[in-house]
Amino acid sequence: MTIFIPTPLRTYTADKDAVEVNAATIAAALDELTRAHPDLRMHLFTSEGKLRAFVNIYLNDEDVRYLPEKDATKVSSTDTLSIIPSIAGGCPPRGRMQIQHRIPETQ
Amino acid sequence: MLRVTKAVYEAIRAHGEETYPHECCGALLGRSSPDGWQIEAAVRADNTRTDSAHNRYQIAPAELVKIARDARQRGLDIGGFYHSHPDHPAQWSQTDFAEAHWLGCSYVITAVANGNAAATNSFRLAGDTEESKRFEQELIEVND
């Protein structure tokens with residue numbers, strides 16, 4: 001199967017944007033990926049071995065966290081895994097900092 | 001330095017005006033170079049933070065998977081993201097920093113004042129790890 005690597009993590013896969021692995025489950029696929037590219041592990045998993053909260057793993061178009069068997073889900077050679085760090089943010093929640101702009105003059 | 005086409009630059013600013021007073025968001029597709037990204041396309045994304053869209057944005061991971069697939073088919077990579085700050089400066093916030101995880105990518109912020117796009121700034125997420133990450137402001141070069 002193919003595992004797609006996001007741009008921030010290609011430093012650890014010799015600039016490869018995709019890595020081919022032979023594995024029976026999602027967990028086995030990720031294990032093979034991180035054995036081939038050991039520096040990836042700390043970017044994907046916590047020191048306790050749990051997937052980092054901001055790292056999303058998709059099997060084709062399905063979020064692995066919501067699959068019935070999660071990372072024990074069986075995979076085939078034509079499946080793809082996508083590693084997708086989350087993206088979010090926003091401006092400060094309180095104390096709106098008005099940016100300066102012209103206020104129409106009043107008489 | 002972040003290099004963007006004029007069409008991309010105008011598109012992300014227009015997006016911020018369209019969604020005002022809510023935040024807009026999207027991905028920037030391009031090619032990496034030794035001194036930064038050359039962005040060729042901006043892809044609009046839905047802001048899933050409908051509970052607080054005036055001061056929060058989030059792109060659904062499922063949409064990011066599709067955006068990444070589209071980028072590959074076009075021979076491009078995800079080089080960054082953009083969003084707007086309605087009636088706030090074009091500076092990163094603590095929320096932006098805490099939620100930034102695409103190391104080496106550019107985060108473009110447009111201030112939108114009373115519905116009109118004002119300053120647009122770009123911040124590259126530098127560092128090697130979550131623990132050492134930092135935002136560094138970078139020049140934006142708009143080209144054809």
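Mentor: Start with Trp102(B): it is buried, at a relative accessible area of 1% (buried means under 20%, exposed over 50%, partly exposed in between, with a 1.4 Å probe and protein chains only). This is a predicted model, where local features need pLDDT of at least 70, side-chain atom pairs count only at pLDDT 80 or more, and totals for chains, interfaces and linings use all residues. Residues are numbered from 1 along each chain as its sequence is written, and side-chain values use heavy atoms, without hydrogens and water.

Trainee: And Phe81(B), buried or exposed?
Mentor: Phe81(B) counts as buried, with 1% relative accessibility.

Trainee: How do the rings of Phe81(B) and Trp102(B) pair?
Mentor: Their centres are 5.0 Å apart and their planes at 70°, so the pair is edge-to-face. Rings of Phe, Tyr and Trp (its six-membered ring) pair if their centres lie within 6.5 Å; planes under 30 degrees apart are stacked, over 60 edge-to-face, the rest tilted.

Trainee: Where do the two sit in chain B?
Mentor: Phe81(B) is in strand β5 (residues 77-86) and Trp102(B) in the loop between α3 (94-98) and β6 (106-113), so the pair ties together parts 21 residues apart in sequence.

Trainee: Which residues are in the ring cluster?
Mentor: Ring pairs link Phe81(B), Trp92(B), Phe97(B), Trp102(B), Tyr107(B), Phe123(B) and Phe135(B).

Trainee: Switching topic, how many helices and strands in chain B?
Mentor: Three helices and nine strands, taken as DSSP runs (H or I, at least four residues; E, at least two) numbered from the N terminus.

Trainee: What share of chain B is buried?
Mentor: Buried residues are 53% of its 144 residues.

How values were computed. Chains are lettered from A and ligands numbered from 1 in the order in which they are written.
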